[in-house]
Amino acid sequence: MTNRDREAEPAAADVDDAVESLEDDHPLWREHSGGSGHYDDPEWCPADDVNRAEAFYAQAGERATAILDLLIDHPGCPLPASEIITRSGNAFSNAHAVAGSLANLNEVRVLSERRYPFYWWKGEPGQTRYAMKRSVAELFRRARVTTSERRRCR
């Protein structure tokens, strides 16, 4: 079963104890390293952006979706690129491949008229961290379920 086929909440044991889960109002979110795609457009609104999130998730490529799934399954947890590589079953050869896969979401982001649904913080090579706010992760978890159901019905 792939991450996108999951419909249940991830088990709390899936998150390493060493990785702090940030509340949506934690000040670290404002200290991200992202450029204009992370602050020019409105933040995702769980109450109003269900259709936008479904479209975004459905249009994300396979590699970007693998990263989004990890962020959805670890809401509020800043995951280093090295951990994303490991947790993805080494689907990415290095941290640059992780970053490049997410950079490919720019067109989907522009079409959504929203920010990227994740944040990132620059670090040493392989230690750049990525995270999705808890409320946005819940929105995208619902979008993943709906998208998976639509794909199964085809």
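Modeller: Happy to! Glu113 has a relative accessible area of 47%, so this residue is partly exposed; buried means under 20%, exposed over 50% and partly exposed in between, with a 1.4 Å probe and protein chains only. Please keep in mind that this is a predicted model, where local features need pLDDT of at least 70, side-chain atom pairs count only at pLDDT 80 or more, and totals for chains, interfaces and linings use all residues. Residues are numbered from 1 along each chain as its sequence is written, and side-chain values use heavy atoms, leaving out hydrogens and water.

Glu113 sits in the loop between helix H5 (106-112) and strand S2 (119-121); helices (H or I, at least four residues) and strands (E, at least two) are DSSP runs, numbered from the N terminus. The backbone deserves a look here: phi of Glu113 is near 60°, a positive value in a residue other than glycine. Most residues other than glycine have a negative phi. Asn90 also has a positive phi, near 60°, and lies in the loop between helix H3 (81-87) and helix H4 (95-103). Its relative accessibility is 58%, so Asn90 counts as exposed.

On to the side chains. Arg109 lies over the face of Tyr116, at 5.2 Å from the ring centre; the criterion is NZ of Lys or CZ of Arg within 6 Å of the ring centre and within 35 degrees of the ring normal. Ring pairs also link Trp29, Tyr119 and Trp121 into a cluster. The structure holds seven aromatic pairs, where rings of Phe, Tyr and Trp (its six-membered ring) pair if their centres lie within 6.5 Å, and planes under 30 degrees apart count as stacked, over 60 as edge-to-face and the rest as tilted. In one of the pairs, the ring centres of Phe56 and Phe140 are 5.6 Å apart with planes at 90°, so this pair is edge-to-face. Phe56 belongs to helix H1 and Phe140 to helix H6, so the pair ties together parts that are 84 residues apart in sequence. Both Phe56 and Phe140 are buried.

For the overall setting, the protein chain has six helices and three strands, in the order α-α-β-α-α-α-β-β-α from the N terminus on. Of its 154 residues, 44% count as buried.
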